[in-house]
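Good morning, colleagues. Please look at the model on the screen while I go through a few of its residues.

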Amino acid sequence: MALTEIRWHGRGGQGAVTAAKVLAEVAMKTGKNVQAFPEYGPERTGAPLRAYNRISDSALRLHTAVANPNVVIVIDPSLLESVDVTEGTAPGAVFVVNTTHCPADIKKLLKLDRQAVFTVDASRIAIETIGRPIPNTPMLGALAKATGLVTLEDLLADVKKSFGKKFSEQIINSNLEAVKRAYKEVVGE
């Protein structure tokens with residue numbers, strides 16, 4: 001695998017930074033070189049933010065924000081109309097969007113042509129499984145299916161281990177179910 005650069009778009013409190021860290025941990029455990037880091041504006045709940053990942057087979061020497069992502073994850077669909085989530089993306093970029101809309105609608109909204117778009121209602125999945133509208137773990141499942149960057153099995157194992165340090169078994173199992181459901185329910189075009 002060549003260098004894969006990922007940009008996450010979310011709002012404070014939705015778990016974008018945590019998701020980027022979990023993705024980095026999963027990729028690192030499979031032998032990849034990784035980076036995960038946030039870029040905050042005003043540090044408050046609800047404020048737009050970006051988080052980034054770099055995943056590579058070779059050493060990572062670049063330590064700047066991701067300007068030309070191969071993958072864009074949009075955790076908060078309201079950002080589609082207020083932030084240019086397509087900024088710097090190449091024609092072959094992959095978009096994974098938390099929305100109730102189909103991929104064709106998102107392609108049209110974002111004026112995309114050759115980019116792949118995957119959609120999943122991660123907010124609904126989070127509410128139904130976790131009981132809270134925190135869509136970061138469902139988005140990890142959708143990302144795994146859409147890109148193949150990590151396997152579902154590796155992702156589930158890392159979520160269980162990472163969350164096991166801080167949360168009850170019920171919360172861990174809810175998040176694992178959210179990852180699995182999004183992996184199954186994500187659709188792409």
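I begin with leucine 152, which is buried at a relative accessible area of 15%; buried means under 20%, exposed over 50%, and partly exposed in between, with a 1.4 Å probe and protein chains only. This leucine 152 belongs to helix α5, residues 152–164, where helices are DSSP runs of H or I with at least four residues and strands are runs of E with at least two, numbered from the N terminus. Between leucine 152 and arginine 132 there are 22 Å from C-alpha to C-alpha, at a sequence separation of 20 residues.

Two remarks on the basis of these values. The model is predicted, so local features need pLDDT of at least 70 and side-chain atom pairs pLDDT 80 or more, whereas totals for chains, interfaces and linings use all residues. Residues are numbered from 1 along each chain as its sequence is written, and side-chain values use heavy atoms, without hydrogens and water.

Next, is serine 56 buried or exposed? Serine 56 is buried, at 4% relative accessibility, and sits in strand β3, residues 48–56.

Lysine 111, by contrast, is exposed at 74% relative accessibility. Its location is the loop between α2 (103–110) and β6 (116–120). Although lysine 111 is not a glycine, its phi is positive, about 55°.

Finally, lysine 21 lies in helix α1, residues 16–29. With a relative accessible area of 46%, lysine 21 is partly exposed.
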